[in-house]
Amino acid sequence: MVFIHVTVTVKPTQQTQFETNLASIVQEAKEQDGCHHYAWYRIPNDAHTYVVYGEFEDRHAFDVYKKSHVVKRIGTELLPLLTRKPTFKHVDGEIFEQV
């Protein structure tokens with residue numbers, strides 16, 4: 001599996017637009033083949049900072065996602081609303097089954 005964890009800080013005047021755009025983008029990302037989970041959360045003690053978290057079945061599914069319309073939308077619809085570049089963490093992982 002590939003896990004993504006992206007932290008962003010939104011311009012205070014752009015928060016409503018950011019949340020509207022992000023909700024649509026998240027829905028589209030969830031429909032990608034191999035996407036098991038994709039969600040966003042606002043950091044409780046910082047009203048303008050968000051985390052986007054995703055889980056992809058494997059490296060191939062993640063690579064397809066990176067070339068998808070979803071990522072293009074992130075670049076055009078979300079990045080201009082941020083105060084600075086996002087912080088990305090992409091992690092290859094293995095799920096261990098409980099015995």
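Here is a short chat about reading salt bridges in this predicted model.

User: What should I know before I start?

Analyst: This is a predicted model, where local features need pLDDT of at least 70, side-chain atom pairs count only at pLDDT 80 or more, and totals for chains, interfaces and linings use all residues. Residues are numbered from 1 along each chain as its sequence is written, and side-chain values use heavy atoms, leaving out hydrogens and water.

User: How many salt bridges are there in the whole structure?

Analyst: Side chains of opposite charge can pair when their charged atoms come close. The cut-off is a side-chain nitrogen of Lys or Arg within 4 Å of a carboxyl oxygen of Asp or Glu. A search of the whole structure turns up five. One of them pairs arginine 42 with glutamate 19, at 3.0 Å from N to O.

User: Which parts does that pair tie together?

Analyst: Arginine 42 sits in strand β2 (residues 35-42) and glutamate 19 in helix α1 (residues 15-30), so the pair links parts 23 residues apart in sequence. Helices (H or I, at least four residues) and strands (E, at least two) are DSSP runs, numbered from the N terminus.

User: Is arginine 73 buried or exposed?

Analyst: Buried means under 20% relative accessible area, exposed over 50%, and partly exposed in between (1.4 Å probe, protein chains only). Arginine 73 counts as buried at 11%, while its salt-bridge partner glutamate 77 is partly exposed at 25%. Both lie in helix α3 (residues 69-78), four residues apart, about one turn of the helix. Salt bridges with shared partners also join Glu28, Arg73 and Glu77 into one network.
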